[in-house]
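Here is a short report on one chain. It covers sheets, helix packing, overall dimensions and some backbone details.

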Amino acid sequence: MRLSRYFLPVLKETPREAQIVSHRYMLQAGMIKQASAGIYSWLPLGFKVLKKIENIVHEEQARAGHMAMLMPTIQSADLWRESGRYDAYGDEMLRIKDRGGRDMLYTPTAEELITDVFRSHVTSYKDLPLTMYQIQWKFRDEVRPRFGVMRGREFYMKDGYNFDLSKEDALHAYNRHLVTYLRTFERMGLQAIPMRADSGPIGGDYTHEFLVLADTGESEVFYDSEISDLTFGDRDINFDDYAACQAVLEEFTSRYARTDETHDEAAFAEVPEARRRTARGIEVGQIFYFGTTYSDKLDATVQGPDGKPVKIHMGSHGIGVSRLLGAIIEANHDDNGIIWPEGVTPFHVGILNMRSGDAAADAACNDLYAKFKALGLDPLYDDRDERAGAKFGTMDMIGLPWRVTVGPRGLKNGVVELTSRRTGESEELPPEEAVARVAAIYANL
């Protein structure tokens, strides 16, 4: 993409309403625009990153054998009355009426709706296990929406649901999701620590939240510092292998790590003092096992191996897709702007022309642009007739991981400058070598 043709309304001034870094930088980088309190338009740059995150989630869900579907954003209140949650959910639920006077609601979560889909079509244990998920917009009428996409009213979320014949099978689904989420977040350049948490209005006996450590986190967290050294890496896990998934779960959850809601001071005191840590965390995902809670209320049964009806065991699993943008920025920025991890960057590399209108510089930039495109990479070429300082400022703000700077002086020596946004380190290379270096970085992701 050529920047002269791209809609990128970068703001020069710091927005007064932005209280945290991610909100400020998303507004300044032209990623979002507030439509009303807690509700945002996603502009091209922000939408591009949102889709990158969504695609990673889809890929990892497919790897685990989960099936994508899509449910409506507007639900009938009847199902929620059947489960008993219509009145219990509270004022966060946006309740509306259609023109026929029927009570409806804007989806805050979809346990009732997916259970109704299941009970309408699945009748035998032979169809289990089954896990389906969607990535869909949700709405919760927050009392004080703030922090941009971190605590908005409208948000984009992955919510998945497993259906199993027994508790043991459902806990395997729980373990499988924990493993899947660890891989998902690492691909986005995040270390998300699974922590024992409170189930809240979802209900259930087992639940872990995944939290990214950040000063602006809404939760106080307590953890053993040894967990900070754990990485999922390139492990090749067979998701049908109960023991393998259980081993990963135990590795990542055996050390103390809890939110303030479930913090146990006595248990925390057993952690060696040198390893005790207290911090703030941003929740980016949560998994639940809630047994037969919804199958009891909504009468979801299958015929078991002995021919008798069996109430199915369920769990749900969420990832805050839109919230992840804020979390990634909170964990990856400096005073000049965003620093995108390679896995979610809106463009793979920026090309900065120091002298637009100079025949040699224009030709070199066009050649670099074509070579990157031919290799399947997505470059952003700043071809604007702007001063160099403004171009550098824009590139730093939008945070592309790599920048190739082209100027007449370097071209006379047969080189361009390749710069890492994260480290600030630059290297002069022949243009073709700079292209090869960037291509190799993304080939290894």
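## A three-stranded sheet

Which order do the three strands of the open sheet have, and is their pairing parallel or antiparallel? The order is E4-E6-E5, and the pairing is antiparallel. Strand E4 (74-76) and strand E5 (94-97) form the edges, each pairing on one side only. Direction ignored, neighbouring strands of this sheet are turned by 35° against each other on average. The model is predicted.

E4 pairs with strand E6 (residues 103-106) over three bridges, in the antiparallel sense.

What is the strand order in the open sheet of five strands? The order runs E20-E19-E21-E22-E23, and the pairing is mixed. At the edges are strand E20 (379-382) and strand E23 (426-429), each of which pairs on one side only. From one strand to the next, the twist averages 20°. Within the sheet, strand E21 (residues 402-406) and strand E22 (residues 416-420) are antiparallel and share four bridges. Arg403 has its bridge partner in E22, namely Thr419.

Helix H11 (residues 359-374) touches strand E19 (349-353), E20, E21 and E22. The direction of H11 makes about 170° with that of E19. Helix H12 (residues 388-398) touches E19, E20 and E21. For H12, too, the angle with the direction of E19 is about 170°.

## Helix H6 against helix H7

Two packed helices are described by the angle between their axes and the distance between the axes. For helix H6 (residues 167-187) and helix H7 (residues 242-253), the axes come within 9 Å and cross at roughly 60°. Why is H6 called oblique to H7? The crossing angle is roughly 60°, and that makes H6 oblique to H7. The crossing in which H6 passes H7 is left-handed.

Which residues make the contact? H6 contributes Glu168, His172, Tyr174, Asn175, Arg176, Leu178, Val179 and Leu182. H7 contributes Tyr242, Cys245, Gln246, Val248, Leu249, Phe252 and Thr253. By class, the contact of H6 with H7 has nine nonpolar, four polar and two charged residues.

## The chain as a whole

How many helices and strands does the chain have? Its secondary structure comes to 14 helices and 23 strands. Along its principal axes, the C-alpha trace spans about 80 × 55 × 45 Å.

## Backbone details in loops

Which peptide bond is cis, with omega near 0°? The bond from Leu128 to Pro129 is. Pro129 sits in the loop between helix H5 (111-121) and strand E7 (130-139).

Phe147 is not a glycine, yet its phi is positive, at about 65°. Its place is the loop between E7 and strand E8 (154-164). Asp299 also has a positive phi, near 55°, in a residue other than glycine. The loop holding Asp299 lies between helix H9 (293-298) and strand E14 (301-303).

Note on methods: Residues numbered from 1 in each chain as written. Predicted model: local features only at pLDDT ≥ 70, side-chain atom pairs only at ≥ 80, totals over all residues. Heavy atoms only, no water. Pairing = 2+ DSSP bridges. Helix = DSSP H or I, 4+ residues; strand = E, 2+ residues; numbered from the N terminus. Axes fitted to C-alpha atoms, helices over the stretch in contact; angles between N-to-C directions. Parallel < 35°, antiparallel > 145°, perpendicular 65-115°, else oblique. Left-handed = near helix turned anticlockwise from the far one by under 90°. Contact = heavy atoms within 4.5 Å. Nonpolar A, V, L, I, M, F, W, Y, C, P; charged D, E, K, R; others polar.
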